[in-house]
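Welcome! Open your viewer, show the side chains, and follow along one selection at a time.

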Amino acid sequence: MKNKWIKQKYILLLCICAGTLCACDIDTQNAVIGQVSAGTEGMGAQLQTESSTEVETEPETETEPEVKEPQLTERQQQIKEYEAKYGTEEFVTEDYMTLATLYGEEGLVKKQRDLLEKCWRLYQEQAAFDILQTITVNVAEETEQIRSQAALMFQNLDIEEYRNEAVNMLCSDEWFAVMMPKLFEGQRNYYLNDAATGGKLVVEVGYAADKPYSKIWYIDKMGNVIFLQKDDGSVRMMKTGLSEGMYHGDYESWLCLAAKGDIYHETGTFVRNVNVGEYTAEVYFGKKKVDFYALWCNREDMKFTTYTGEFDRDGKTILDQSESKKLTASRGDKGDGYVIYAYASGESKCLFATGTVDEMVFGAEKFGISTLPVYTEYEPVAVEAPQIQIRVQDGNVEWFDGNAWQVVGAVEQYIAEDPFVKYMEDGGFEIENTGDDKKVSDVYESQGAGTLKKPTSSGSSSTGGTTTPTPTPTPTPTPTPTPTPTPTPTPTPTPDEDDDDDDHGSSTPAPSPTPDPTPTPDPTPTPDPTPDDSGSGDSSGNDGDDMEFSPDIL
């Protein structure tokens with residue numbers, strides 16, 4: 001029966017090939033099959049044999065495609081060769097610089113920065129130092145400590161109620177130690193992009209005139225920016241808008257200078273980093289050195305003198321600069337010439353900057369406000385690190401060979417042989433100060449404040465006709481129910497014992513100092529003092545002895 005079916009199948013195939021099947025009806029097909037069936041006995045046997053052979057043939061097995069290692073580019077091959085050479089005695093300064101350049105070209109920004117820092121600490125290579133100042137690293141590929149500090153700073157600036165905590169972070173030692181590790185010169189630059197809010201954080205930390213400083217730019221998705229800076233003599237926070245990377249729009253700035261306890265609250269308008277239009281400065285002149293954070297937290301409770309000015313579209317003052325007015329400086333040094341950019345009521349007091357009217361442009365940097373740095377964003381390149389297990393056990397360095405832990409040697413031995421130890425012990429290198437590292441406090445000392453003497457028919461004192469100030473009574477506290485949103489307690493400032501008043505430019509003696517405030521032991525928040533609205537409190541008499549501090553009530 002099987003052979004008969006195979007025969008019929010074969011005949012049908014022949015019909016198809018001859019083109020006759022389509023023209024035949026079923027009866028014709030059967031007749032054709034009957035006619036040729038007798039002559040195909042031998043052929044059927046042959047087909048049966050071929051069919052059996054076909055069934056018994058094993059199906060071909062699919063072979064997995066051969067995995068080929070990716071081809072390295074010429075630059076990647078060079079990197080691999082230099083990395084193999086790294087750490088040997090043959091790896092010298094030129095090799096550090098070459099490998100760092102290759103890292104940069106390959107987009108390995110963090111590896112480039114880390115290698116250049118090592119080159120600087122080992123060989124004091126100036127070219128490496130110069131390049132380091134321009135590199136900005138994506139925080140996403142930094143250490144866990146750096147990522148954590150940056151994220152916390154972003155959160156504190158993003159939430160208005162926590163912005164005092166951002167200042168507190170900069171006043172702590174932990175922030176700088178984490179963000180500027182192993183270096184005593186230069187700077188480090190970071191940026192953070194927050195996908196959840198669309199905001200950005202740009203960080204610059206480093207040394208200016210051998211003193212640590214930090215600059216932070218927080219930018220929200222609407223283009224508003226908060227600039228926060230802390231250096232050896234000041235702390236500042238400024239809010240404004242951005243346009244093409246430049247300050248643009250109305251701004252508000254708070255500045256605290258710890259050396260004397262001065263406070264500046266400034267408002268105005270920026271057009272592409274330049275002050276234009278009306279300008280207002282509420283100023284409190286203190287007398288004694290005050291703790292940064294305490295001064296900052298109590299900045300709004302002082303008694304201010306209001307100064308106003310106005311700038312043209314080029315950032316030059318349009319105020320009267322009559323030569324008949326003689327300036328007696330109470331803050332800063334007027335030098336060979338000065339430009340008055342703000343007057344107090346009655347124009348008996350002023351704020352000034354050293355220079356000439358024709359040359360003086362009052363941009364952001366003139367007030368010590370650093371502009372947003374230019375940097376390039378990038379996606380971190382994933383580098384697959386070898387899976388090697390290493391540990392420190394009982395004072396020894398050990399590694400796992402797959403079966404057991406092998407002892408390499410004592411930790412102390414390797415630390416003693418570390419070539420970078422000397423740099424840390426010496427505290428870095430002495431480098432020439434370029435003069436570009438002015439502190440914010442230096443900027444305001446070069447500007448300053450003073451009193452004016454105007455010619456009068458009846459004559460006047462050398463202080464410009466200032467009157468004897470009346471001691472300001474201690475303000476009466478008023479309860480404030482708002483709780484403090486952050487747990488950090490506000491420190492009470494401890495002024496220096498220096499109570500001289502030779503920096504106030506007034507021949508009239510200052511009022512007797514009010515006793516220093518006594519810290520309240522009760523942890524319950526102390527009510528804020530009610531600010532005096534008399535407008536006094538500048539160099540004409542208020543030396544800061546009537547300062548009353550309270551815990552920060554945000």
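Which residue lies over the face of W296? Select R299: it lies there at 4.0 Å from the ring centre. A charge counts as sitting over a ring if NZ of Lys or CZ of Arg is within 6 Å of the ring centre and within 35 degrees of the ring normal. Next, select R391 and W405, where the charged end of R391 sits over the ring, 4.1 Å from its centre.

A word on what you are viewing: this is a predicted model, in which local features need pLDDT of at least 70 and side-chain atom pairs count only at pLDDT 80 or more, while totals for chains, interfaces and linings use all residues. Residues are numbered from 1 along each chain as its sequence is written, and side-chain values use heavy atoms, leaving out hydrogens and water.

Now for the ring pairs. The structure holds 26 aromatic pairs (rings of Phe, Tyr and Trp, the last by its six-membered ring, with centres within 6.5 Å; planes under 30 degrees apart are stacked, over 60 edge-to-face, the rest tilted). Select F176 and Y207: their planes stand at 85° with the centres 5.3 Å apart, so this pair is edge-to-face. F176 belongs to helix α10 (residues 173-179) and Y207 to strand β3 (residues 200-208), so the pair ties together parts 31 residues apart in sequence. Helices (H or I, at least four residues) and strands (E, at least two) are DSSP runs, numbered from the N terminus.

Move on to Y251 and F270, a stacked pair with 4.2 Å centre to centre and 20° between the planes.

Last stop: select W120, F129, F184, Y423 and F429, which ring pairs link into a cluster.
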